[in-house]
Amino acid sequence: MVSKIKQPFPFEYTRFEKARIIGSRALQIAMGAPVLIKGTGKGPMEIALEEFERNLIPITVKRKSEGFVWLQKSDYF
Amino acid sequence: MSKYDSVLNKYPIPDTIKVEIKEKLEELKVTKKVAGEVAERCYRAYLTNLMEPGEAAGIVAAQSIGEPGTQMTMRTFHYAGVAEIDVTLGLPRLIEILDVRKNPSTPLMTIRLTEEYAKDRNKAREVANRIEATYIVDIADVETDIRNLVIVVNLDEKALKRKQLTIDEIRKKIEKSLKTEVVEENGNLIVKSEPSYKVLMDLFDKLKKLVLAGIKEIRRVIIRKEDDEYILYTEGSNLKKVSKVKGVDFTRTITNNIYEIYEVLGIEAARNAVIEEAISTLEEQGLEVDIRHIMLVADTMTADGELKQIGRHGVAGEKQSILARAAFEMTVNNLLDAAVRGDRDRLSGITENIIVGQPIKLGTGDVELITRYTRTKK
């Protein structure tokens, strides 16, 4: 009875994934990685956050089908 | 088929929620367009209430049950509940449920009757007599006659009538169970024994323990009228036997002995019983715990198809990790046994990784990062 229509999950990343991505990026920046946005007077955290907002961070997550994270971006459930 | 079905089936939400929404929609008789809007909003609300992958659901459940649990009465509290039946409540009862005791301290049954028997008090009494365990002392005075080496059973006519038993029935029952001769003598029953004092006393003890009618485990039956129906409440429980008694509506009969439900009705029924009993125990104490926390507990208890307790002999004791088991109870025994067997710990769970000081597979710890080569514009 359940119709198989594709419904995107309301978020791209879970809050844990978001935290992890931003955290890693902020660490890179803090250690001297090239920054992808313009502007001065910001700390690594703010830069990482803005980069994430603008979808510039070249990092994504790997999801395992057998792991805890099982939802794809658009998934049946 | 309702006209709202097609609207609701567009959304992958649980059937129970669909039914609820449908009922409300039918009550309000809204148009299909409005129904679509409602379904959309409900779906959004449903999604925001979902747990995110990686969240520590078990720990949240443990805290959510544990925190109000501190306010429960520590004492074994009995109260005169439904019709003067004692019920274990509060913390002791909750422990009983989670430990899956085979013999809970206060087993109870609520027996509803078939239509034929439910409306009439005498008919209900009839069923009650078939269920309630009747001993010889309930219906007669029993004496030993040492001079003639016989037991004299002085039957009480009134009690017999109330229990709907005849003298002949009792005579046959005693004769069959004790394998001795029983004769009727002006309203009394004479149980004959071998000419030995010891045998006579043994016989006397056996006679006192003999269940003449009803089910052994059911110690007391109380008949109460609720709405226009007579309901039986019993002290003691035996679901299997009660279900076979004539006049009992098995589909509406319940017991608070979870293990019995598991044996008679199966694992799914046991899961529902665990949830129901735990929720009602907490609610009775005025504590509100979300049902989903308790459902998680019930699920872990029943996931393997058998009812396991939370503890050494169940969920915690069957963990595959040695360190997790050792961290729970009987540390030395667990480690020693594991060493003797040459076991390996795969370090796949939470507890063992905390012990060895590694990130755990929960929340941010469960996220694996990889490089993204394409840059998508938002």
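A residue is called buried when its relative accessible area is under 20%, exposed when that value is over 50%, and partly exposed in between, as judged with a 1.4 Å probe and with protein chains only. The structure described here is a predicted model, in which local features need pLDDT of at least 70 and side-chain atom pairs count only at pLDDT 80 or more, while totals for chains, interfaces and linings use all residues. Residues are numbered from 1 along each chain as its sequence is written, chains are lettered from A and ligands numbered from 1 in the order of writing, and side-chain values use heavy atoms, with hydrogens and water left out.

S5(B) pairs with strand S6 (residues 150-155) of chain B in the antiparallel sense over six bridges, and B:Asp145 stands opposite B:Val150 in S6(B). In general, the strands of a sheet pair through backbone hydrogen bonds.

Helix H10 (residues 167-178) of chain B contains B:Leu178, which counts as buried because its relative accessibility is 10%. Leaving aside neighbours within four places in sequence, B:Leu178 is in contact (heavy atoms within 4.5 Å) with B:Leu203, B:Lys206 and B:Leu207. The C-alpha atoms of B:Leu178 and B:Gly305, which are 127 residues apart along the chain, are separated by 42 Å.

Helix H5 (residues 90-99) of chain B has several buried residues, among them B:Pro92, B:Leu94 and B:Ile97. The buried residues of H5(B) pack against strand S2 (86-89), helix H13 (258-265), helix H14 (267-284) and helix H15 (291-302) of chain B. After H5(B) comes B:Val100, whose phi is positive, near 45°.

B:Phe250, located in the loop between helix H12 (239-244) and strand S12 (254-255) of chain B, is partly exposed, because its relative accessible area is 31%. Together with B:Val264 and B:Leu265, B:Phe250 makes a nonpolar surface patch of about 220 Å². Such patches are made of residues with over 30% relative accessible area and no salt bridge, with like charges joined within 9 Å and nonpolar side chains (Val, Leu, Ile, Met, Phe, Trp, Tyr) within 5 Å. A salt bridge is a side-chain nitrogen of Lys or Arg within 4 Å of a carboxyl oxygen of Asp or Glu, and accessible areas come from the Shrake-Rupley method with a 1.4 Å probe, for which, in the case of residues, only the protein chains shown count as cover.

Terms used
Helices (H or I, at least four residues) and strands (E, at least two) are DSSP runs, numbered from the N terminus. Two strands pair if DSSP finds at least two bridges between them.
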